[in-house]
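Subject: The structure, and some notes on it

Hi,

Here is the structure I promised to pass on. Please have it open while you read, as my notes follow below.

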Amino acid sequence: MSKPTYFKVPKCLKHKEARKAITNLVRNMNEKGLFTESDVPNLCRMAIAYDMYLSCVDIIYSEDGGMTMINLKGELVKRPEVNIMRESWSQYLELAKEYGLTTRSKGLIKSLKS
């Protein structure tokens, strides 16, 4: 019998939603016997990217937020959080596809098995 692999959710995660999503993913992978030690770095990266995305969403959709802001020169500019949000989502989605979490990647993985 192989030694069980454990996953510790990164302490830096601020959102319960990110913690729950990554915990459920690890649980499902464990139940299917698919979780290995080599998955830990990618899952940490995935959890942090999702949490960062949620942090940016919080800022953008807060009362003082929005997609734009007034800079120190008084110009209306795009918020830096918009770019960070997009980059974080791209990173999360890239990893989600590897783990079959998107509709398309699920279909591709199923077709590879059969």
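This is a predicted model: local features need pLDDT of at least 70, side-chain atom pairs count only at pLDDT 80 or more; totals for chains, interfaces and linings use all residues.

What does lie 2.9 Å from a polar atom of the Asp-51 side chain? That is the backbone nitrogen of His-15. If you leave aside neighbours within four places in sequence, Asp-51 is in contact with Cys-12, Leu-13, Lys-14, His-15 and Ala-18.

Next, the charged pairs. Side chains of opposite charge can pair when their charged atoms come close. How many salt bridges does a search of the whole structure find? The search finds two.

One of them joins the side chains of Glu-94 and Arg-45, at 3.3 Å from N to O. Glu-94 lies in helix α3 (residues 80–98) and Arg-45 in helix α2 (residues 40–60), so this pair ties together parts that are 49 residues apart in sequence. Both partners are partly exposed: Glu-94 has a relative accessible area of 43%, and Arg-45 has a relative accessibility of 31%.

The side chains of Glu-81 and Arg-79 also meet in a salt bridge, with 3.6 Å from N to O. Are these two residues buried or exposed? Both Glu-81 and Arg-79 are buried.

Now for the overall layout. The protein has four helices and two strands, and along the sequence they follow the pattern α-α-β-β-α-α. There are 114 residues, of which 32% count as buried. Among contacts with a separation of 6 or more, 54% come from residues 24 or more positions apart. The accessible surface comes to about 8500 Å², and carbon and sulfur atoms hold 56% of that.

On to the nonpolar side chains. In soluble globular proteins, nonpolar side chains tend to be buried together. Here the largest nonpolar core has 19 residues, and Phe-7, Ile-22, Leu-43 and Met-46 have the most contacts inside it. Helices α1 (16–31), α2 and α3 are the elements that give two or more residues to this core, and α2 gives the most, with six residues. A second, separate core has five residues, including Cys-56, Ile-60, Val-82 and Met-85.

Finally, a nonpolar residue with another setting. Leu-76 lies in strand β2 (residues 76–78). Is Leu-76 buried or exposed? With a relative accessibility of 60%, Leu-76 counts as exposed. Leaving aside neighbours within four places in sequence, Leu-76 is in contact with Thr-68, Met-69 and Ile-70.

Happy to go through any of this with you.

Best wishes

Terms used. Residues are numbered from 1 along each chain as its sequence is written. Side-chain values use heavy atoms; hydrogens and water are left out. A salt bridge is a side-chain nitrogen of Lys or Arg within 4 Å of a carboxyl oxygen of Asp or Glu. Buried means under 20% relative accessible area, exposed over 50%, partly exposed in between (1.4 Å probe, protein chains only). A polar contact is a pair of N or O atoms within 3.5 Å; within protein, one must be able to donate a hydrogen and the other to accept it, and residues adjacent in sequence count only if both atoms are side-chain atoms. Contact means heavy atoms within 4.5 Å. Accessible areas come from the Shrake-Rupley method with a 1.4 Å probe; for residues, only the protein chains shown count as cover. A nonpolar core is a set of buried Ala, Val, Leu, Ile, Met, Phe, Trp, Tyr and Cys residues joined through side-chain atoms within 4.5 Å.
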